[in-house]
Structures are given as structure tokens and as C-alpha cells.
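Here's a quick tour for anyone meeting this model for the first time. Have a look at it, and then we'll go through a few spots one by one.

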Amino acid sequence: MMLKNVITVGKDSQVLQLARQYGLEVFAADDINEALYLVKRVNPELVIFDNRFNPSDIRKFTNAVSKDSNSCIVSVVNEAAGNISQAFLDAGANYYLQGEKDYHKLNEIVNKINGISVDDTDVFFADNLAASVTMVGKSKAALHALKMIKIVAASQCNPVLIIGETGTGKELAARAVHNLRSPSQPFVAVNCAAMTANLLESELFGHVRGSFTSADREKTGLIELAASGTVFLDEISEMPLDLQAKLLRVIQEKKFRKVGGTEEIQCKATIMASSNRNLSLEVQAKRFRADLYYRLDICPVTLAPLRSPHRKQDIPLFAAYFLKTSEICPQKAGKITSITKLAVEALQRHDWAGNVRQLKNIIDRAILLENTDKIGLDSIVLDSSKFEEFSETSQTETIKDFSLEKAEKQLIARALQETHWQKTKAADLLGISRATLYAKVKQHSIEIVGEENDEVVQQLPQECMKS
Ligand SMILES: Nc1ncnc2c1ncn2[C@@H]1O[C@H](COP(=O)(O)OP(=O)(O)OP(=O)(O)O)[C@@H](O)[C@H]1O
Ligand SMILES: [Mg+2]
């Protein structure tokens, strides 16, 4: 992928050549002033300084460049520069290349600038199972789940068990099996945790008139309504034990009776059940019937949690997919076309207790917070309690932890975040020297999220902000 605008600063023709490999339009500036003028006019994604410039030149440039600029700054430094290379970063360069031998690294830098584009979606999908179900994921774990879905769907396997933590896509998997197997038939879902035993029983089996006090008319149960389709029993581990016995009978004999009824009704539907608990442990704890468990556990579809190392590679795909398909703010989502590498890395470090659903929510939130055409690190707010930092009450009234040490750590981390990890700027903001900042970062073990900078915020045109 090419960058749109690149500026080179200096007189080195090799650097100009290099820039031409990566930029659709390359502008050459002789000196800092010309560079500043061009930056304002063409808003480049990348500015490369040749090795004629020293750290104080770079500082002059970064100080003068507008905060709205999101250019990535790369300094080419003398091969022999050794230790002083760090000074270029401190001065505000995002990267340095130590002479010609490092030119190839620009490739990686350009990939970082480009981030992950939502236009690359064809590589995101493990499969388009049926018109209405898209399963995203390319990891081994995702492909395995998909394989099981297809095997189960192609068979007459009934019941079907789907296991996975909350938010891993159990209902999606159930719908996928259903759509492949009997798309024209009904899919009815019932949450076993949401009802009392009696209510759940009459929901599933129906009841005859007068079977209990409030049964003033006959009711058709969901199993009957599902016809030859699917009854999806969500959170089956929460089903009361005596109802589990009745369900077992339906599974074994394919027959049931309405509550209070005598007539045997045929069950033609596929029973699918999901659980976010480990059912064999539930059996051990005597909360789940062993016989029902063994009936269900024929060919389970297991969905791995997002935090599992095998699924890390799916996270960028999910992020791009949710960015593309989010309905939270369609005008805006359509204009945000990518996500920066640093933002993706932050997502990959998170442990995702709420799995794919939580990731989807974080991307929705990022779309709302983001002001540029790229989701950057600042818009990835993984912990919503962070919003409280900004509310006055939490500052003035509800301080529960008076640890000065902790407050200092938070303030330093915040300053680093605000300045996109530019330590000189952060030190200025905090009113301390750079050396002190280094010492404190070490003392508090503050994790520097990226030695590289993330993008600086760029305003979106006003019309995108309306909705
Ligand atoms: N592989 C996937 N591809 C695309 N979207 C997915 C995938 N897995 C999950 N999702 C999305 O994540 C969200 C949660 O999925 P779903 O409701 O199926 O999870 P669940 O396991 O049933 O959760 P719970 O246990 O909380 O009921 C949905 O919006 C779903 O579309
Ligand atoms: Mg569910």
C-alpha cells in the first residue's frame, strides 16, 4: 500500500529515491522552513529528514508543526551516530534509520503508518457460511470451530452442543449450523437462565388449558413452534434438574407432552444447547445430570476465548470487521478506514473477559471517540472507569485512595499518553526534567506502550460529527 503524500527534507537524492518507493506524491524541501510550509499545505503521512539534520533541527520542526498534523517523522542519521540516535527520538522523530543499511526498515514503518485497512476484508473471513452468518477468524482455533460447525451441519447430529465463554459466538455458531442445515425452518432461542422452572417448562412444551391457575388458554411450546428447525437452549447449565430429566426424554424419544396434557407430540426440531460453564464440572458438582451431559456431548462445537494465544491473530481481523460493519455511527464509521498498529497491539494485549462481544463494544466506542480517519491508541478505551478520571466528582468528592505514589504514577502515565510517548514533551508537561521523568518511569515500572509514536489527532470534517 502506498502513502499519499511524503515530504523529504534535505538534499540527499537517495532519500528522495527512497521516498518515491512509498509515496504517490513526493515533495522535496531543502530546509526546515520549506518543510514546515509544505506540511501545512499537503498534510503528509510521512516526513523523512536526511542526515544533514541534527536533533535540535528536528526539535525545531516538531515544535513548530501544528498539533493537527499526523505526520510520521523519520530521521536518517549517520551510520556512526550510535548513542546519539536516541536524541532524535527525544526531539520528536518517530523513527530513525541508521544510514543506508537501515533503508529497508522504511517498509515496516510504512506498514505501521498504514495500519490495518478495512478494505482488506477478503482476508478477514474464515468463511461466509450462509448469506446471513459471517464467521470472522483465521486462527487455528477459529478454523477448527468452523470445521466442526460444517461437520455437524452436514450430519443429522441432534442434539448439538456449543461450548464457550460468554461472548465467544455461541449463538452465532448455532445460527450457522441452523442456516446450513435447515435455513427455511424457524430458529427459536430460549434462555434457560432467564425463567423459573415452571415457566421454562411451559415455554418449551406448551400447556393445556387449566393446567395451572393462570393457564386460561392452551399454549403451543417452542419445540412445536420450531417445527423441523432449531430450538436453541441458551445457558443449558442453568436448567433446573427436574426439567433436565424431561428434556432428556425429548432427546431420546423425540416425543413430549404439553404441561397438563396427555397427548404425545412429535419433536422434529434439532435441539441445540449452549453453555459457558464446563458441563463436566457441573456434573461433578451434581448441578447437571450426567446422562443428559453424555447425550449432549456427541460432537461439541468449542469456541476458544479471545485471550487464548491461538486467537491473538484474529483480533486485528475482528477489529477491522467490526469497524466496517458497526452501526453505531454509520457516517463516521464509513470515514474511518483503518486502525493503527499500536491500537491493534493494545487490543492484542488485553485479556477480553467478555470475548468477541466486548471487542465489538470497544470498537464501537473507539468509533465514537475517534476524530481522524484511523482508529488510534487514544480511542481504544479498554476500561470505562477511565472516563471517571475526567468527571469532576471523582476528583473532588470520591477519592478513596490517597496514595501519592499511585497518583504520581497515574499522572506520569497520563502525560506520556497525552504526548504520544514523547518523553521530552511529557517532561515539559509535568514540569520536570527528562532525566527525572526517566527515573520515575523506571521507579513506577510504567509500561511505555510504544517507543514509536501513535498518530496525532486530526479533525474530521464537521459533517461527519453530526450524528
Ligand atoms: N467469529 C465471529 N465473527 C463475527 N462476529 C462474531 C464472531 N463471534 C462472535 N461474534 C459477535 O460477537 C457477539 C457475541 O456473539 P454471541 O452472542 O453469539 O456470543 P455468545 O457466546 O452467545 O455469548 P453469551 O454467552 O454471552 O450468550 C455477537 O455480536 C456476534 O455477532
Ligand atoms: Mg448467547
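Let's start with N43, which counts as partly exposed because its relative accessibility is 32%; partly exposed means between the buried limit (under 20% relative accessible area) and the exposed one (over 50%), using a 1.4 Å probe and protein chains only. N43 sits in the loop between helix 2 (32-42) and strand 3 (46-49). Helices (H or I, at least four residues) and strands (E, at least two) are DSSP runs, numbered from the N terminus. Although N43 isn't a glycine, its phi is positive, about 45°.

K254 has a positive phi too, near 60°, and is also a residue other than glycine. You'll find K254 in the loop between helix 10 and strand 14 (255-256), and with a relative accessible area of 28% it is partly exposed. For background, most residues other than glycine have a negative phi, and most peptide bonds are trans.

## How to read the numbers

This is a predicted model, where local features need pLDDT of at least 70 and side-chain atom pairs count only at pLDDT 80 or more, while totals for chains, interfaces and linings use all residues. Residues are numbered from 1 along each chain as its sequence is written, chains are lettered from A and ligands numbered from 1 in the order written, and side-chain values use heavy atoms, leaving out hydrogens and water.

N158 and P159 are joined by a cis peptide bond, with omega about 10°. P159 belongs to the loop between helix 6 (140-154) and strand 9 (160-164).

Now look across to Q252 in helix 10 (residues 241-253). Q252 and P159 are 93 residues apart along the chain, and their C-alpha atoms are separated by 9.8 Å. Q252 is partly exposed, with a relative accessible area of 44%.

## Helices that cross

Helix 18 (residues 404-418) and helix 20 (residues 434-443) pack at about 120°, with axes 10 Å apart. Axes are lines fitted to C-alpha atoms, for helices over the stretch in contact, and angles run from 0 to 180 degrees between N-to-C directions. So helix 18 is oblique to helix 20; angles under 35 degrees count as roughly parallel, over 145 as roughly antiparallel, 65 to 115 as roughly perpendicular and the rest as oblique.

The axes of helix 13 and helix 15 (residues 341-349) come within 9 Å and cross at roughly 120°. That makes helix 13 oblique to helix 15.
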